[in-house]
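Hi everyone, thanks for coming. Let me put a structure up on the screen, and then we can walk through it together.

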Amino acid sequence: MTVATPPLRTLVIGAGSWGTALATAATHNSHSLLFCRHPDQALTIEKHHYNPRYLSDLLLPLTLHATSDISVAIHHLQQAPQQSLIILGVPVIAMRETCQQWFTLLQQAQLEHIPIIWTCKGFEQSTGALPHEIIHQVSHFPHTGVLSGPSFAKEVVQHLPVALTVASHSYLVQQRTTDILHNSFCRIYHSQDIIGVEVGGALKNIIAIACGIADGLQLGNNARAALITRGLVEITRLGSAMGGEPSTFTGLTGLGDLVLTATGDLSRNRQVGLAIAQGKTLQTIMDSGITAEGVRCARDTLARATHLGIEMPITQAICRVLFEAMPPKEAVQQLLMREAKQENISKG
């Protein structure tokens, strides 16, 4: 008699736009549960099938369930621990606290062996750490990885085509992520370059702010193309110095994510750049509710570059505009007035 394999199970921790989108995508191949901090949010998703805080204009699958009860989330995993995946859908700013809390909970339930992937992009402001550095500092999960790529949450919920990369040194993480998320509209690629994937995801947001400023100043398509191209050079230069593989930065999590974020109308980082070009202050933009990781990680990126002796003129210009009140037009002029030199990825 053949014993049936239990169905796959996904627990997504964090009910923001991207967590909601991935929980939605996971319903195609698994029993998907979205863990929300706010009980009212979980109740609305469970009963009315939309997220009242994010993507509120989109209907979510009837098969997607939500809870704010930790015991319910743990029980969900206990039904098939050998067939489960945990997705951390929280921003970098919440990564440390979330990892500490859930590692303790999962360890107590003897579930810490379940593969876990994170989706956040950027550096931790207080330490300058990348997400994988945070998770290794506060937990001992044996199977971990990062999921990234050119993607807007709204389009994923709408089942529009998307390609993502899961980077991990664990075959189990790569395979479980593929089993759960690879479907008719979502294609999953594999990589082992965790650092490269994380750096590409973080730095493209800074370049997207620069492109938003250029577009807001109506500098034209030529300027945007130059910023994307030279921005990719900066990303590759720093990422390689930090241990990433150069080829990663020409793939989905490098060039692909950069092009989408720098040009897409749904890009929050590009929206920040557009608002800056219109004369709005950074404080006013942040107070309006726009959350842009490029703002949060720009100074940490420049600090890392300075420490490694890497020249990043676009990133430096964005830091001056955001944090030193330099007029955007002046920053553009300074970039244009830099001395002429041979195009080179390894040098400025």
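I'll talk about charged pairs, and then about one asparagine.

Before that, a word on the source: this is a predicted model, where local features need pLDDT of at least 70, side-chain atom pairs count only at pLDDT 80 or more, and totals for chains, interfaces and linings use all residues. Residues are numbered from 1 along each chain as its sequence is written, and side-chain values use heavy atoms, with hydrogens and water left out.

So, how many salt bridges does the structure hold? There are 10 salt bridges, and by that term I mean a side-chain nitrogen of Lys or Arg within 4 Å of a carboxyl oxygen of Asp or Glu. As a reminder, side chains of opposite charge can pair when their charged atoms come close.

Let's begin with Arg270 and Asp215, whose side chains form a salt bridge with an N to O distance of 3.0 Å. This pair ties together distant parts of the chain: Arg270 belongs to helix H11 (residues 268–277) and Asp215 to helix H8 (residues 194–216), 55 residues apart. Helices here are DSSP runs of H or I with at least four residues, strands are runs of E with at least two, and both are numbered from the N terminus.

Are Arg270 and Asp215 buried or exposed? Both are buried; buried means under 20% relative accessible area, exposed over 50%, and partly exposed in between, using a 1.4 Å probe and protein chains only. Arg270 and Asp215 also join Arg224 and Asp265 in a network of salt bridges.

Next, Asp57 pairs with Lys154, with their closest N and O atoms 3.6 Å apart. Asp57 sits in the loop between helix H2 (39–48) and strand S3 (65–67), while Lys154 is in helix H6 (residues 153–157), 97 residues apart. Asp57 is exposed, at 57% relative accessible area, and Lys154 is partly exposed, at 28%.

Now please find Asn29, in the loop between helix H1 (17–26) and strand S2 (31–35). Which residues does Asn29 touch, leaving out those up to four places away in sequence? They are Leu8, Asp179, Ile180, Leu181, His182 and Asn183, where a contact means heavy atoms within 4.5 Å.

Look at His182 in particular: Asn29 and His182 are 153 residues apart in sequence, yet their C-alpha atoms are 8.2 Å apart in space. A polar atom of the Asn29 side chain lies 2.9 Å from the backbone oxygen of His182, and the Asn29 side chain reaches the backbone oxygen of Asp179 at 3.2 Å.

How values were computed. A polar contact is a pair of N or O atoms within 3.5 Å; within protein, one must be able to donate a hydrogen and the other to accept it, and residues adjacent in sequence count only if both atoms are side-chain atoms.
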